[in-house]
Amino acid sequence: MTVRDHAGHVELNRHYWDDEAATVHGPLAHGHWSAPEPHWGLWATPESQVSMLPEDVAGMDAIELGCGTGYVCSWLARAGARPVGIDISEKQLATARAMQAEFGVEFPLVLGNAERVPHEDDSFDLAISEYGASLWCDPYQWIPEAARLLSPGGRLVFLRPSPLFALCVPPEGQASTALLRPQFGLRRLDWGNSTEFNLPHGEMLRLLRSHGFVVEDLIEIQAPRDAHREFADVSADWAHNWPSEEIWKTRLAG
Ligand SMILES: C[S@@+](CC[C@H](N)C(=O)[O-])C[C@H]1O[C@@H](n2cnc3c(N)ncnc32)[C@H](O)[C@@H]1O
């Protein structure tokens, strides 16, 4: 597959997901697909706590930007929405297809770059990303693309690492209690084998507003004291004291 990738991060991240990460994520897919209630992010925050999804998604045309193994799409489909998942990694989509067959839940899966989605303008009522485009795509590319894809009044909701986490996480190991890089200029985090993106709050707010989004909420997630596990880049203790991830809820002005 050829993708337009002027900055190089799309191809790098495709290789990263195809070669390394998909192997780790594949085995987790079954648990996500069989979850009785949607839950979000590292700390499995239940939907009932954060209402990341609009109240009634039935009948909505939805797109998941960086859908990975497709479990968010599966939750949307089972709630009556018409989801489409787009992802750059053939391996991640292969797992998503296997899950579709096992659970009998079908929806279109598109192999492609969430910064350049092959769908018409105004095609969707809801765009969603959980650690997908919201982390791996350049916000100056994927936010305008989400605005293009949504109909007036459409929702864009996404979960991403917090800027504070991005300032405190070292190239290897867990987030520290020291600031490891400046906040001014924070945008692109090059890790060698992959590239992530994060914008400080003010810049993200202005970017969203400049593309017609009204920000309705920003939820900073606190890991529970009895968090179910640790992660290589953040401890449950750190994320109990500081937000490691956050949910943005926005609506395109109608
Ligand atoms: C962590 S997964 C997100 C899916 C799921 N919500 C999760 O948390 O596991 C990240 C996904 O983003 C995809 N991705 C990275 N860059 C992308 C791009 N430019 N366009 C579409 N998908 C991309 C990766 O292939 C991967 O499947």
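Modeller: What follows goes from the chain as a whole to Leu199. This is a predicted model, in which local features need pLDDT of at least 70 and side-chain atom pairs count only at pLDDT 80 or more, while totals for chains, interfaces and linings use all residues. Residues are numbered from 1 along each chain as its sequence is written, and side-chain values use heavy atoms, with hydrogens and water left out.

The chain holds ten helices and eleven strands, these being DSSP runs numbered from the N terminus (helices H or I, at least four residues; strands E, at least two). Its radius of gyration is 17 Å, close to the 18 Å that the globule rule gives for 254 residues, so the chain is as compact as a globular protein of that length; the radius is taken over C-alpha atoms, and the rule is 2.2 Å times the number of residues to the power 0.38. Of the 254 residues, 54% are buried, where buried means under 20% relative accessible area, exposed over 50% and partly exposed in between, with a 1.4 Å probe and protein chains only.

Leu199 sits in the loop between β9 (195-197) and α9 (201-210), and it is buried, with a relative accessible area of 0%. Leaving aside residues up to four places away in sequence, Leu199 touches Pro139, Tyr140, Arg160, Pro163, Leu186, Arg187, Met204 and Leu207, a contact being heavy atoms within 4.5 Å. Ala166 is 33 residues from Leu199 in sequence, and their C-alpha atoms are 9.0 Å apart in space. Across the chain, 70% of the contacts with a separation of 6 or more are between residues 24 or more positions apart.
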